[in-house]
Amino acid sequence: MLAVKHLSHRFRNGDEETPVLHDIDFVVDKGEMVALLGSSGSGKSTLLNLMAGLMKPTQGSILISGESIERMSENQLAEFRRTHIGFIFQSYELIPHLTVRENVELPLVFQGMKAKARKDKAVALLTKVGLGEKTEMFPSQLSGGQQQRVSIARSLVTEPAIVFADEPTGNLDTKTEKEIIDLLIELNESLQITFVIVTHELEVARRTRRVIQLRDGFLVEDELWAGEEQ
Ligand SMILES: Nc1ncnc2c1ncn2[C@@H]1O[C@H](COP(=O)(O)OP(=O)(O)OP(=O)(O)O)[C@@H](O)[C@H]1O
């Protein structure tokens, strides 16, 4: 599903080079839910940007569904991202003047799906994430946790091969954080969605079955837990 192979990255500013990732190697299979854990500056965002095809690595490769994304052109990448990758952001990134349903439909508009099919799909997913009663509201009328549920529904609407969640509970209180992670676990189990969750919080990482830990740009731990901790 996702293979990161001997991945290294250095930032170059003029003559100065900053090595940020060192020979990162791991594979995520379909249906896995993995936390990518690391403190600030450990290289999580850089790795996420590389896996999402937003930057090209200095060395190594990234395969998603068997395709090496670092070899793609910008146009190919944009299309690949739209069809194969879902994103969940810390700050939700919803469009304020669109309703909740329209926000979820948007990726399907870009795919050219007809209005009725789009609407049915968005409503079904919103119902699945517990927002069946809120489809015609605007994001500002929802709580933070509810807005993150909208963004989760939107990330799934194109049936992506993999979903990257970047600090998905970073703006939420502890109770809501637990509810959102519960939802991600439920979606992972019921729909076999593959999730990679980037977090600096051990409490979030411990809820997933597998934790990959970065420290100073090195992969220092790739660990399977015996079971989910509640
Ligand atoms: N464009 C850049 N040029 C030079 N160095 C960079 C650049 N972007 C990031 N870095 C450096 O790379 C290292 C890793 O940064 P990165 O943002 O990937 O870490 P992170 O684990 O995501 O941290 P945070 O949790 O704070 O977002 C840091 O030392 C940072 O200063």
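Two strands are taken to pair if DSSP finds at least two bridges between them. In this predicted model, strand 7 (residues 162-166) and strand 8 meet that condition, pairing in the parallel sense over four bridges. Within this pairing, F164 has V196 of strand 8 as its bridge partner, and A165 stands opposite I197 of strand 8. Strand 8 is also joined to strand 3 (residues 33-37), again in a parallel run, by five bridges, with L36 standing opposite V198 in strand 8.

These strands belong to an open sheet of six strands, which has the order 6-7-8-3-9-10 and mixed pairing. Strand 6 (85-88) and strand 10 (218-224) stand at the edges with a single partner strand each, so one side of each is left without a neighbour in the sheet. From one strand to the next, the twist averages 20°.

How many of the five residues of strand 8 are buried? Five of the five residues in strand 8 (residues 195-199) are buried, and the strand is therefore largely enclosed by the rest of the structure. In a regular strand, side chains alternate between the two faces of the sheet.

A second topic is the open sheet of four strands, which has the order 2-1-4-5 and antiparallel pairing. Its edge strands are strand 2 and strand 5 (67-68), each of which pairs on one side only. Strand 1 and strand 4 (residues 59-64) run antiparallel and are joined by five bridges; in strand 4, S61 is the bridge partner of K5.

L50 has its place in helix 1. Is L50 buried or exposed? With 25 other C-beta atoms within 10 Å, L50 is buried, because a residue counts as buried if 20 or more other C-beta atoms lie within 10 Å of its own. Leaving aside neighbours within four places in sequence, L50 is in contact with L7, H9, M55, P57 and I62. L50 and V4 are 46 residues apart in sequence, and their C-alpha atoms are 9.7 Å apart in space.

## The shell around the ligand

Which parts of the structure each supply at least two residues of the shell around the ligand? They include strand 1 (2-13), strand 2 (16-28) and helix 1 (44-51), and the largest share, three residues, comes from helix 1.

In this model 13 residues surround the ligand, and the closest are F11, S40, K44, S45 and T46. By residue class, the shell around the ligand divides into two nonpolar residues, 10 polar residues and one charged residue.

Technical notes:
Residues are numbered from 1 along each chain as its sequence is written. This is a predicted model: local features need pLDDT of at least 70, side-chain atom pairs count only at pLDDT 80 or more; totals for chains, interfaces and linings use all residues. A residue is near a molecule or strand if its C-beta atom, placed from the backbone, lies within 6 Å of it. Ala, Val, Leu, Ile, Met, Phe, Trp, Tyr, Cys and Pro count as nonpolar, Asp, Glu, Lys and Arg as charged, and the others, Gly among them, as polar. A residue is buried if 20 or more other C-beta atoms lie within 10 Å of its own, exposed if 12 or fewer, and partly exposed in between; C-beta atoms are placed from the backbone. Two residues are in contact if their C-beta atoms, placed from the backbone, lie within 7 Å. Axes are lines fitted to C-alpha atoms, for helices over the stretch in contact, and angles run from 0 to 180 degrees between N-to-C directions.
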